[in-house]
Amino acid sequence: MDGALEEEIKRLTALGLHRRCAEGALEQVAARTLEINRLKKARKAVICAHVYQTPDIILGVGDLVGDSYKLADDCRKTQAEVIIFCGVHFMAETAKILNPSKKVYVPSKNAGCSLSEAITGEDVRKLKAEHPGLPVVTYINTSAEVKAESDCIVTSANAEKILRKMYEGHEKVIFVPDRFMGANLAKALGKTPGKDIILWKGTCIVHEHFNPELIKVYRQRYPGLSVLAHAECPSELIAAVDFMGGTGDMMRYVESTNAAAYLLVTECGFGELAKLKFPQKNFIAMCRLCPYMKSITLDSVLALLKDPHPEEVTVPAAIAARAKRSIDKMFELAA
Ligand code: SF4
């Protein structure tokens, strides 16, 4: 084994990655992370890693790590010439809109999103025609075309804050595309779906299927359990948990509390990361894998870096300019 590989194994071990690798597997992971990090440097690239990616990507090769809001914000500030987005396509589109002169790539052709695919720009135009004068507040999990038709983008980290500000100037708003998040926000704000907030029918295939009945079972089995759920979960489930938020909020909640155990109701990658970040805390698994997020692997990142002509993420200039206005509005209102 050469010295560089040995050093890389030590680095990954110090990050806690040995705890999730079978015997011998850490050496294979290290060989890949070593090569990816070398090629990344040579290409002047930065790797963005969403918290639903696997820890070998997040900790092994990720430079910018976080939820959708943090990654969009970090992308605005990066000096790198190339952005490799280990997340789903709408996130990479957002990075491209914020960095039109940079090359942006996603290391998978299958990194879609059920929420993003649930609505089109034409759907939003029809909604606006049905409800003239209402502002369109749009979850970031949407295509550039949908963002271009919107007034303001939100993420799970800032949706409640931004909607409160929107209601200062409007009695009613349109919120798309996540009907569960929309209903959860309406409840938090004391608003009524259909009356004060017009919702769309989109859902996240990961968060829509969690069973609220199971939470009762877990609470009986683990006294002192703290239950955290992502805001994309249905309202019946949210009613049974201790904390609802985006992944950044959930991580801060875990960090700042001392429960006997934590049940994290979201995508599995988040729980894996939490276990590595807080090895002294107890985590109970109740998670589902996102097939879109998990279509990215160290091998697909490596293949992209070795490809002389990888397919770039592009957004037509006219759409990008209008989408950027709604994203900038989010940064303004979330500040
Ligand atoms: S977890 Fe849900 S919202 Fe996130 S990328 Fe997957 S399908 Fe989309």
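My scale calls a residue buried under 20% relative accessible area, exposed over 50% and partly exposed in between, with a 1.4 Å probe and protein chains only. The model is a predicted one: local features need pLDDT of at least 70, side-chain atom pairs count only at pLDDT 80 or more, and totals for chains, interfaces and linings use all residues. Residues are numbered from 1 along each chain as its sequence is written, and side-chain values use heavy atoms, with hydrogens and water left out.

What does Glu 312 meet in a salt bridge? Its partner is the side chain of Lys 96, at 3.9 Å from N to O. The pair links distant parts of the chain, 216 residues apart: Lys 96 lies in helix α5 (residues 89-98), Glu 312 in the loop between α14 (298-306) and α15 (317-334). I took helices (H or I, at least four residues) and strands (E, at least two) as DSSP runs, numbered from the N terminus. Lys 96 is buried, at 12%.

**Other salt bridges**

I counted a salt bridge where a side-chain nitrogen of Lys or Arg is within 4 Å of a carboxyl oxygen of Asp or Glu. That rule gives 24.

I then checked Asp 63, which meets Lys 40 in a salt bridge at 3.0 Å, N to O. Asp 63 sits in the loop between α3 (55-60) and β2 (64-66), and Lys 40 in helix α2 (residues 25-42), 23 residues apart. Lys 40 is buried at 9%; Asp 63 is partly exposed at 38%.

Glu 213 and Lys 216 also pair, with their closest N and O atoms 3.1 Å apart. They are separated by about one helical turn, because they lie three residues apart in helix α10 (residues 212-221).

I also noted a salt-bridge network that links Glu 122, Arg 125, Lys 128, Glu 145, Glu 149 and Arg 322.

**Cysteines**

How many disulfides does the structure hold? I found one, taking a disulfide as a pair of cysteine sulfur atoms within 2.5 Å. Cys 268 and Cys 287 form it, with sulfur atoms 2.2 Å apart. The link is right-handed, with 95° about the S-S bond. Cys 268 is in helix α13 (residues 268-277) and Cys 287 in strand β12 (residues 283-288). Cys 268 is buried at 13%, whereas Cys 287 is partly exposed at 35%.

Cys 204 is buried too, at 9%. Its sulfur is the nearest cysteine sulfur to that of Cys 233, 8.0 Å away, and Cys 233 is in no disulfide.
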